[in-house]
Amino acid sequence: MKFLLVALLVGAASAFVDRAEWEAFKQKHAKSYANPIEEFYRMKVYADNKVLVDKHMKEYAEGKHTYTVALNKFADFTTEEFSRIFKGVKIGGARPQAVHKVSEEREKVGLKVTSSWFQRSAKSLPSSLDWRDHGVVTPVKNQGQCGSCWAMSVTGALEGAWALAGHPLVSLSDQQLMDCSGDYGNYGCNGGWIDASFRRVQAAPELTGQDCRVVRFSETDYSSD
């Protein structure tokens, strides 16, 4: 029975990707699997994703898309697996009872960056803008198999706002936000709320940088209406 299953998986995968390409993928991304059956399943997933990538790139060449795609180290994950493992942001629905109760004054406060970057009218905005060209984006971080995208989204936004306000660009600690915001309804690698995380920073505006420095956001950088 196992032999038949392996044969079926090999046949399906080999229809789209050859063995040499698969071995190169495993070597490049240090992939290893528990047994031959799992490996051949992953090979089939890789083959399916390759079909999607090839189809998209063909349509891109025909002018049907404005962006390119490529296979990467996640190519042996299904969409469902990737979402379950790496997408931890909480959107919609009722928040848990453990969410920190901020005061009514805090609830009404909104963050507004006072930098002149955001004083432009909508009519004067450029057709495209890459913040990397302005030196306000830190290098990409790898969350690993942890649903901490919510924390990285918050620290990434704060890093950019801090730099736009005229300060040196620093890499803030998403790990500290994960560890220290449980009373705001966040669950570390099991997901969290972006808006609640911003409230946590408002209430305790210190995040230890990735290089162990402490950054404090002051009233001169953010103002409340």
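1. Glu 59 is buried, since its relative accessible area is 18%, and buried means under 20%. Keep in mind as you read on that this is a predicted model.

2. Where does Glu 59 sit? Look along helix α3, which covers residues 36-61, and you'll find Glu 59 there. If you skip the neighbours within four places in sequence, Glu 59 is in contact with Lys 64 and His 65.

3. Now hop over to Ser 181, in the loop that joins α7 (174-179) to α8 (194-203). Is Ser 181 buried or exposed? Ser 181 counts as buried, because its relative accessibility is 0%.

4. Take Arg 200: Ser 181 and Arg 200 are 19 residues apart in sequence, with 6.6 Å between their C-alpha atoms.

5. Last stop: the second largest pocket, with a volume of about 300 Å³. Its lining has 14 residues, and Asn 49, Phe 74, Ala 75, Phe 77 and Thr 79 are the ones nearest the centre. Helices α3 and α4 (79-86) each supply at least two residues of that lining.

6. What kinds of residue line the second largest pocket? The lining divides into eight nonpolar residues, five polar and one charged.

Technical notes
Residues are numbered from 1 along each chain as its sequence is written. This is a predicted model: local features need pLDDT of at least 70, side-chain atom pairs count only at pLDDT 80 or more; totals for chains, interfaces and linings use all residues. Side-chain values use heavy atoms; hydrogens and water are left out. Helices (H or I, at least four residues) and strands (E, at least two) are DSSP runs, numbered from the N terminus. Buried means under 20% relative accessible area, exposed over 50%, partly exposed in between (1.4 Å probe, protein chains only). Contact means heavy atoms within 4.5 Å. On a 1 Å grid over the protein atoms alone, a cavity is a set of points where a 1.4 Å probe fits but cannot get out, and a pocket is an open set with protein on both sides within 12 Å along at least five of seven lines; lining residues have an atom within 4 Å of a point. Grid points are joined across faces, edges and corners, and a volume is the space filled by probe spheres set on the points. Ala, Val, Leu, Ile, Met, Phe, Trp, Tyr, Cys and Pro count as nonpolar, Asp, Glu, Lys and Arg as charged, and the others, Gly among them, as polar.
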